[in-house]
Amino acid sequence: MEKGPFSVEWLAQSSRGGGAGEMPGECRPSRLQTPPSVPADSAREREAAEGRSPGHEAGSERSAPGRSRTKFSAAQLQELERSFREQRYIGAGEKRRLAAVLNLSQSQIKTWFQNRRMKFKRQTQDAR
């Protein structure tokens, strides 16, 4: 007996990897690779249990090839903190001025202010 399109058997086979237009006896190679199944004890869970960030190798203390962490000088921090005390959200003009004065990029200034606001938020929540 021929299994026609949309029969239970045809639908079951097509949902296992066959295309919608394939007949039950046909088998075409799939263009997309399906990811291997991830075991319950995945690499991400093991890294979290060991206190590591996903993607970092065990024992690698060096930073990844990319941008290294900016170490601000005492003078830079003093100026950034002074500006933060005056206003928690930095405007474009003040960002440009600080970047020029402190010899930092505008994105570094922006990121410092974002991080400082989060630190301020944590400190005020802990004080309650």
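Me: Anything to know before we start?
Reply: This is a predicted model, where local features need pLDDT of at least 70 and side-chain atom pairs count only at pLDDT 80 or more, while totals for chains, interfaces and linings use all residues. Residues are numbered from 1 along each chain as its sequence is written, and side-chain values use heavy atoms, leaving out hydrogens and water.

Me: OK, at what angle do helix 3 and helix 4 pack?
Reply: About 165 degrees, with their axes 11 Å apart. Axes here are lines fitted to C-alpha atoms, for helices over the stretch in contact, and angles run from 0 to 180 degrees between N-to-C directions. Helices are DSSP runs (H or I, at least four residues) numbered from the N terminus.

Me: So what does that make helix 3 relative to helix 4?
Reply: Roughly antiparallel, a label for angles over 145 degrees.

Me: Which residues of helix 3 and helix 4 make the contact?
Reply: Gln76, Glu79, Leu80, Arg82 and Ser83 from helix 3, with Glu94, Arg97, Leu98 and Leu102 from helix 4. Contact means heavy atoms within 4.5 Å.

Me: And how do helix 4 and helix 5 cross?
Reply: At roughly 110 degrees, with axes that come within 8 Å. That makes helix 4 roughly perpendicular to helix 5, the label for 65 to 115 degrees.

Me: Who's touching whom there, in helix 4 and helix 5?
Reply: Lys95, Arg96, Leu98, Ala99 and Leu102 of helix 4 meet Gln106, Ile109, Lys110 and Phe113 of helix 5. That contact has five nonpolar residues, one polar and three charged. Ala, Val, Leu, Ile, Met, Phe, Trp, Tyr, Cys and Pro count as nonpolar, Asp, Glu, Lys and Arg as charged, and the others, Gly among them, as polar.

Me: Switching topic: how much space lies in the largest pocket?
Reply: About 410 Å³. On a 1 Å grid over the protein atoms alone, a pocket is an open set of points where a 1.4 Å probe fits, with protein on both sides within 12 Å along at least five of seven lines. The volume is the space filled by probe spheres set on the points, which are joined across faces, edges and corners.

Me: What lines the largest pocket?
Reply: 15 residues, with Thr70, Phe72, Thr111, Trp112 and Asn115 nearest its centre. Lining residues have an atom within 4 Å of a point. Helix 5 gives the largest share, seven residues.

Me: How many of the lining residues are nonpolar, polar and charged?
Reply: Three nonpolar, six polar and six charged.

Notes: Helix = DSSP H or I, 4+ residues; strand = E, 2+ residues; numbered from the N terminus. Parallel < 35°, antiparallel > 145°, perpendicular 65-115°, else oblique.
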